[in-house]
Amino acid sequence: MSTKRKYHDNREDVQKVWNDSKHPLIKAKGTIGLGDCMAALNIAHFRSFIWQKKVILENHWYHDEGYQYHFEDPETIVEKFDYFAKFYEPANVEIKHVFNSPNKGLYKQRYQHHRGIIKDQDYRAWSFRKEMVLKEPIKNKIVMWRQTFNADIPKNYKRIFDNDGWNTIAQSLRNQGYTIAEIDYRTPISEVMYHISTCEATVGYEGMFHYVAKNFWKPMIIFTRDNISKLHTPHALLFARALKRQFDVTCLDDFPSVLAEAKSMINKPYKNMILGMK
């Protein structure tokens with residue numbers, strides 16, 4: 001593997017290094033970010049799996065159930081949450097929603113009854129159902145997302161290229177024989193699920209659907225100005241300023257080589273452990 005991380009491949013060894021509270025209840029702040037929602041789901045499923053106990057994930061939303069962030073959104077964030085949760089590899093997790101939450105402390109903390117990280121481990125790791133993950137991808141199909149169509153201007157580290165830059169990258173991939181399926185926040189989540197589940201790899205900025213690709217164990221190429229992706233998607237191939245990796249619109253011009261490196265970074269020990277494979 002290209003990554004320097006050394007992952008454990010069994011629950012017992014993870015238990016030894018995880019300073020986890022083991023609390024049966026996790027309270028999570030519900031946000032409009034799909035990555036935040038799926039991170040909470042992953043943490044709850046991973047805790048249940050590692051300690052072999054029931055975990056209740058209590059999502060606190062600071063709006064009502066029908067709140068729609070943008071009028072063009074095909075679903076509410078709660079509908080997206082519930083949709084993706086249906087396809088998770090099973091664990092003993094019960095999901096509850098609290099709307100118009102009065103929990104002011106959680107609004108600032110993001111989590112309650114959850115703390116810390118596993119050194120050199122990925123406690124946010126989980127998976128969609130095994131049969132979905134192991135499905136053969138469509139050769140040369142690449143899913144891409146960009147930030148230029150977002151309703152709000154994202155943080156600076158997410159704004160890697162302008163629209164012309166992303167167009168240049170997409171055309172470079174097409175010129176090399178790849179088919180591009182572009183998705184964004186206006187794409188119905190059933191289509192997002194289909195395209196990412198059937199693709200060979202994803203290319204995008206830090207955010208949007210990176211947790212969907214993560215839970216399918218897809219090779220990911222992520223452009224970012226921040227190292228936060230090392231926490232959320234440690235098996236992604238990062239083009240990040242801090243890593244001093246070539247960082248312009250030509251960096252995917254030899255995409256077969258980039259794709260091979262991204263495939264080598266898939267966290268096979270964790271994937272096999274979670275899916276019960278040898």
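1. Helices (H or I, at least four residues) and strands (E, at least two) are DSSP runs, numbered from the N terminus. By that count, S197 lies in helix 7, residues 189-198.

2. A word on the model before we go on. It is predicted, so local features need pLDDT of at least 70 and side-chain atom pairs count only at pLDDT 80 or more, while totals for chains, interfaces and linings use all residues. Residues are numbered from 1 along each chain as its sequence is written, and side-chain values use heavy atoms, leaving out hydrogens and water.

3. Is S197 buried or exposed? S197 counts as buried because its relative accessibility is 9% (buried means under 20% relative accessible area, exposed over 50%, partly exposed in between, with a 1.4 Å probe and protein chains only).

4. Now look at the neighbours of S197. Leaving aside residues up to four places away in sequence, S197 touches F216 and K218 (contact means heavy atoms within 4.5 Å). F216 is 19 residues from S197 along the chain, and their C-alpha atoms are separated by 6.5 Å.

5. Next, find the side chain of S197. It reaches the backbone oxygen of M193 at 2.9 Å, and the backbone oxygen of Y194 at 2.9 Å.

6. Finally, turn to another pair of helices. Helix 2 (residues 34-51) passes helix 3 (residues 77-85) in a right-handed crossing (the near helix is turned clockwise from the far one by less than a right angle). On the helix 2 side the contact is made by L34, C37 and L41, and on the helix 3 side by I77, K80, F81, F84 and A85.

Definitions and conventions. Axes are lines fitted to C-alpha atoms, for helices over the stretch in contact, and angles run from 0 to 180 degrees between N-to-C directions. A polar contact is a pair of N or O atoms within 3.5 Å; within protein, one must be able to donate a hydrogen and the other to accept it, and residues adjacent in sequence count only if both atoms are side-chain atoms.
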